[in-house]
Amino acid sequence: MPRTTDSGGAPVPQRLLAAATRLFAERGYDRTSVQEIVEAAGVTKGALYHYFGSKDDLLHEVYARVLRVQQERLDAFADADEPVEKRLRDAAADVVVTTIENLDDAMIFFRSMYHLGPEKNKQVRAERRRYHERFRALVEEGQRTGVFSTATPADLVVDYHFGSVHHLSTWYRPEGPLSPQQVADHLADLLLRALRP
């Protein structure tokens with residue numbers, strides 16, 4: 001994406017995404033118009049359509065930017081020269097922290113995913129599947145080498161952890177008693193306890 005900036009230096013795509021995220025979180029995707037997004041971002045409709053083909057594309061990008069960061073970080077953890085237990089724990093904690101750091105994006109997406117057109121929906125599912133498969137490969141590696149129990153299938157272990165992650169937006173509050181890292185540590189420890197032989 002070109003880094004065209006406004007007079008204040010903020011990239012136009014970034015301003016559009018920030019405005020869309022705020023409005024989608026406050027009003028919902030279906031109750032937010034393109035006109036409201038461009039007014040909030042201080043740009044024209046032409047600028048929006050230069051960077052994003054539709055409101056649907058904005059919704060997709062709200063989620064995709066978080067997933068890209070999470071995928072890069074998971075790949076780094078998975079490829080690290082560390083014992084599989086540490087790699088899995090680091091990955092399990094990281095997805096919690098990065099989800100909490102982008103809670104509005106996650107909430108918007110899971111609440112509004114059904115608004116995506118068939119092609120974007122298929123693309124998002126493929127991106128999520130790639131992430132989950134890489135995460136599952138760590139569980140399977142630990143099971144294959146005897147570090148983790150094989151009593152529970154790897155798919156179920158992954159679904160269990162990501163079920164917790166996907167529900168963070170329904171209960172986590174920044175002003176609550178636990179920091180993002182504390183929540184991440186608790187959930188990662190739960191996952192590893194469930195995998196102990």
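Guide: The count comes to four aromatic pairs, where rings of Phe, Tyr and Trp (its six-membered ring) pair if their centres lie within 6.5 Å, with planes under 30 degrees apart counted as stacked, over 60 as edge-to-face and the rest as tilted. In one of them, the ring centres of Phe-135 and Phe-162 are 4.9 Å apart and the planes stand at 75°, so this pair is edge-to-face. Because Phe-135 belongs to helix α7 (residues 118–144) and Phe-162 to helix α8 (residues 154–166), the pair ties together parts that are 27 residues apart in sequence. Helices here (H or I, at least four residues) and strands (E, at least two) are DSSP runs, numbered from the N terminus. Phe-135 counts as buried, at 0% relative accessibility, and Phe-162 also counts as buried, at 3%. Buried means under 20% relative accessible area, exposed over 50%, and partly exposed in between (1.4 Å probe, protein chains only).

Another edge-to-face pair is formed by Trp-171 and Tyr-172, with 6.0 Å from centre to centre and 75° between the planes. Trp-171 is partly exposed, with a relative accessible area of 44%, whereas Tyr-172 is buried, with 5%. Returning to Phe-135 and Phe-162, these residues form one aromatic cluster with Tyr-131.

This is a predicted model, in which local features need pLDDT of at least 70 and side-chain atom pairs count only at pLDDT 80 or more, while totals for chains, interfaces and linings use all residues. Residues are numbered from 1 along each chain as its sequence is written, and side-chain values use heavy atoms, with hydrogens and water left out.

An aromatic ring also takes part in an arrangement with a charge: Lys-55 lies over the face of Tyr-29, at 4.3 Å from the ring centre. A charge sits over a ring if NZ of Lys or CZ of Arg is within 6 Å of the ring centre and within 35 degrees of the ring normal.

In α1, Leu-16, Leu-17, Ala-20, Thr-21 and Phe-24 meet Lys-55, Leu-58, Leu-59, Glu-61, Val-62 and Arg-65 in α4. By class, this contact of α1 with α4 has seven nonpolar, one polar and three charged residues. The axes of α1 (residues 12–27) and α4 (residues 55–79) come within 10 Å and cross at roughly 95°; α1 and α4 are therefore roughly perpendicular to each other, a term that covers 65 to 115 degrees.

Val-43 is found between α2 (34–41) and α3 (45–51), and counts as buried at 17% relative accessibility. Leaving aside neighbours within four places in sequence, Val-43 is in contact (heavy atoms within 4.5 Å) with Val-12, Arg-15, Leu-16 and Val-38. Val-43 and Leu-16 are 27 residues apart in sequence and 8.1 Å apart in space, C-alpha to C-alpha. Pro-13, in helix α1, is buried at 6% relative accessibility. Its C-alpha atom is 9.3 Å from that of Ala-41, 28 residues away in sequence.

Of its 197 residues, 46% count as buried. Residues 24 or more positions apart account for 68% of the contacts with a separation of 6 or more.

Key
Axes fitted to C-alpha atoms, helices over the stretch in contact; angles between N-to-C directions. Parallel < 35°, antiparallel > 145°, perpendicular 65-115°, else oblique. Nonpolar A, V, L, I, M, F, W, Y, C, P; charged D, E, K, R; others polar.
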